[in-house]
Amino acid sequence: MHYVKVVLGVLLGVVVFLFLDYALPSKNTVRITNTYNRLTAVTSSNAIFYAADDAGTVENSAGQRDVRFIETVRPNGKVFVYRNEDTGWIWPPYFKYDSANLHAEATNLKSGKSDPTWVSVTAYGWRLPWLTAYPNAIAIDTLAGPDERPRNWAAMVICGFLLMLLALFWRMWAQFRERTIDPALKSVDDGWDRASDRVSAEATEARGRMRGWLDRVKGKPRK
């Protein structure tokens, strides 16, 4: 039973970590190289990684939608692609409605190797090539250079708040267990012990009566 609890706890921790890793905002220092629109197939396997239909995105009869993309290059030379979709009032709650303005801003900040303009892109989500999934860009801020790493205050505040809630919940659970569950379990254990003692005494008494009856049947004198 102990190992089952450990496994379930580990699985729950992994699920919570993946959920926060996807939903919380991240910041990356990049150089924008291109912006464009592309008809993208949204299927049942990757629909969860795209905005909902009622967020303003319209799909055609073939299940394709016109999605804005932002191509970037990181300081180490690796390329990275973002999508740029409104989120609406649906999960995750970024309430983004300015994808057109963000697209224009990203287009204006395009630069080449010879004269780079470094920016910090705030986004959420994962880049999963095998599912054609892209992180969704939320905001773009210009930087002084490729070595500048802005602090991700939003994610830090949210994680701190969640840790406070976890500590509060843990304390409440400990008090509830100490005041309610542990006394109830002790009462059950005490009742079980009393019942076991009573059954044992009754069994001993029954064996004594049975032995006395057998002795009488065999004609043995009583002691």
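Modeller: The lining of the largest pocket comprises 13 residues, and Leu12, Val16, Leu162, Leu166 and Phe169 are those nearest its centre. A pocket here is an open set of points on a 1 Å grid over the protein atoms alone, where a 1.4 Å probe fits, with protein on both sides within 12 Å along at least five of seven lines; lining residues have an atom within 4 Å of a point. The model is predicted: local features need pLDDT of at least 70 and side-chain atom pairs count only at pLDDT 80 or more, whereas totals for chains, interfaces and linings use all residues. Residues are numbered from 1 along each chain as its sequence is written, and side-chain values use heavy atoms, with hydrogens and water left out.

The largest pocket holds about 490 Å³ of space, a volume being the space filled by probe spheres set on the points, which are joined across faces, edges and corners. Two helices, α1 (2-23) and α3 (153-218), each supply at least two residues of this lining; helices are DSSP runs of H or I with at least four residues, numbered from the N terminus. The most comes from α3, with nine residues. By class, 11 lining residues are nonpolar, one is polar and one is charged, where Ala, Val, Leu, Ile, Met, Phe, Trp, Tyr, Cys and Pro count as nonpolar, Asp, Glu, Lys and Arg as charged, and the others, Gly among them, as polar.

The second largest pocket contains about 270 Å³ of space. Its lining has 16 residues, with Tyr22, Ile48, Phe49, Trp91 and Pro92 nearest the centre; 12 are nonpolar, two polar and two charged.
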